[in-house]
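Open your viewer and keep the selection panel at hand.

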Amino acid sequence: MSIKSPLGRLARWALLIQSFNPKSEYTPGKANVLADILSRPTNLNEDVPCDIFAASSDFPVIKSKDIRQEQLKDEELKKIIDCFENSSKDENFANWTSRGYLMNQGILYRYSPEVETEEAQLVVPFQEREKVLQQYDDVPTAGHYGTEGTYNKVASRYYFPGMRKYIAEYVKNCPDCIRYKPSNQKPTGLLRTPVYAQRFETLAIDLFGPLPETSSGKK
């Protein structure tokens with residue numbers, strides 16, 4: 001391999017390939033007359049049957065009343081909902097509306113100026129945030145897009161306070177994200193121990209103190 005010290009996935013591939021003792025030979029395209037069927041089409045004018053496999057993910061369908069009940073379980077969201085449903089609109093109501101919060105059919109939403117879509121974000125209660133992250137990061141159809149990619153996908157539909165920090169911490173502790181994330185840092189250098197020509201050529205002394213005085217007056 002051209003890479004002296006492969007890391008991560010490349011290192012695992014290198015170890016796996018080494019067990020087969022492979023031999024690589026370059027063959028020019030014009031000389032590769034025995035190319036396999038996957039790299040060369042047999043007949044472009046011939047209709048070849050092809051099986052199509054579709055991958056799907058079943059997202060749970062939650063009723064509106066269940067969403068409202070979950071939001072009311074969150075003390076912080078309950079304060080906002082009570083403020084909107086209170087007949088007397090105080091200064092807190094103006095504060096929440098200025099921050100993009102609104103009520104629709106008894107459910108709390110939020111409009112975010114940071115998201116380009118005009119769709120309101122569903123405000124996720126505290127106890128449901130991990131489930132949302134699992135759907136957007138852990139399931140096979142979601143993929144692991146890192147902190148920024150996962151945040152953009154979640155923010156297109158959902159919102160909760162401190163969402164960016166929460167997602168960053170979730171991705172940081174995700175086993176698959178840790179395993180496949182490429183490292184942009186150079187490999188750690190080797191320890192360069194000096195070689196001396198003779199003994200006691202160099203002396204090192206550690207000095208520390210002052211130390212507390214003993215009962216006999218010594219330091």
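What covers the buried residues of α6? The cover includes β3 (121-123), α5 (129-138), β4 (158-159) and α7 (163-172), with contact meaning heavy atoms within 4.5 Å. Helices (H or I, at least four residues) and strands (E, at least two) are DSSP runs, numbered from the N terminus.

The model is predicted: local features need pLDDT of at least 70, side-chain atom pairs count only at pLDDT 80 or more, and totals for chains, interfaces and linings use all residues. Residues are numbered from 1 along each chain as its sequence is written, and side-chain values use heavy atoms, leaving out hydrogens and water.

**Helix α6.** Select residues 146-155. The buried ones are T150, Y151, V154 and A155. They lie on the same side of α6, because their arc around the axis is only 125°, taken from the directions from the helix axis to the C-beta atoms. Buried means under 20% relative accessible area, exposed over 50%, partly exposed in between (1.4 Å probe, protein chains only).

The rule: NZ of Lys or CZ of Arg within 6 Å of the ring centre and within 35 degrees of the ring normal.

**Aromatic pairs.** There are five. Rings of Phe, Tyr and Trp (its six-membered ring) pair if their centres lie within 6.5 Å; planes under 30 degrees apart are stacked, over 60 edge-to-face, the rest tilted.

Select Y101 and Y159. Their centres are 6.3 Å apart and their planes at 70°, so the pair is edge-to-face. Y101 sits in strand β1 (residues 101-104) and Y159 in strand β4, 58 residues apart. Both are buried.

Then show R110, over the face of Y159 at 3.9 Å from the ring centre.
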